[in-house]
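Here is a set of questions and answers on one protein model. Read them with the structure open.

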Amino acid sequence: MLITEELHLLLLRPDGRGEASAWSYRAYGEVAAVIVDLALHECVTVSEEKRPVVEVFSTQPTGHPVLDATLTRLAPLSGKRLSSLVQRSSLDPKDEIIDSLVAQHVLVRGERGFFGLGAVKTPEADPGPERLLRARLAAVIAGTAAPTAPDLTLLAILHAMNAAHAVLREEKGGLSSWQLKKRIEQLTSDSPAGEAVASAVSAVIMAVMTATIIPVVISTSTS
């Protein structure tokens, strides 16, 4: 399963509704996650400069519908700053993620909310994959399992979205919000992942944090 698909499961409640504390920033997180997915599949690179850019160096189909659809939309934007790409609604992979998870029988299409006028709910059809995912992250947080690149990416993005404490209620053990923040920072700074992947993860953390902070700053300054 892709990192961005796993992130979607974490942000989605079993009844198909979004996690209230994080759903408004879902698109930022999932765009960032799919860019890391593409980096892991060697389709893009994320530069290590102060304002990193994303370069597409392969547009060959990967065979995964989420990656291929994103790659098609990302190719004309090659060379753009990561911080701007994370905020582009045209790169939001939500529809492809849902189609993929439905095809994997993890989610199922339900009814529309808000008296039939809202978005179609996609409750879990099979809770097994999310259960395994959460157990994996709990073990990483507790220090009983070595983190993988996907684990670090998920934790880093949840941290950047300021949603880790709410989304990982059970998995965090007895850690407070501050302690969980420090634990995630420790894990990502001690990353055993390859240098290119670690660089991409660090870059997406800053990009997502910037994307989530800007609306708050604008709202505060105009109120």
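## Burial, packing and one exposed loop

Of the 223 residues in the protein chain of this predicted model, 47% count as buried.

Q: How many helices and strands does the protein chain have?
A: Read along the sequence, the pattern is α-α-β-β-α-α-α-α-α-α-α-α-α. The secondary structure comes to 11 helices and 2 strands.

Q: Is Thr4 buried or exposed?
A: Thr4 sits in helix H1. Its contacts, not counting residues up to four places away in sequence, include Glu30, Val66 and Ile97. Buried means under 20% relative accessible area. Thr4 has 0%, so Thr4 is buried.

Q: Is Pro76 buried or exposed?
A: Pro76 lies in the loop between helix H3 (65-74) and helix H4 (82-85). The cut-off for exposed is over 50% relative accessible area. Pro76 has 66%, so Pro76 is exposed.

Q: How many Å apart in space are Pro76 and Val56, C-alpha to C-alpha?
A: Pro76 belongs to the loop between H3 and H4. In sequence, Val56 and Pro76 are 20 residues apart. In space, their C-alpha atoms are 8.8 Å apart.

Q: Which helices do the buried residues of H5 pack against?
A: Helix H5 covers residues 94-103. Its buried residues are Glu96, Ile97, Ile98, Ser100 and Leu101. They pack against helix H1 (3-11), helix H2 (26-40) and H3.

Q: Which residue with a positive phi follows H5?
A: H5 spans residues 94-103. The phi in question is near 65°. The residue is His105.

Definitions and conventions: Residues are numbered from 1 along each chain as its sequence is written. This is a predicted model: local features need pLDDT of at least 70, side-chain atom pairs count only at pLDDT 80 or more; totals for chains, interfaces and linings use all residues. Side-chain values use heavy atoms; hydrogens and water are left out. Helices (H or I, at least four residues) and strands (E, at least two) are DSSP runs, numbered from the N terminus. Buried means under 20% relative accessible area, exposed over 50%, partly exposed in between (1.4 Å probe, protein chains only). Contact means heavy atoms within 4.5 Å.
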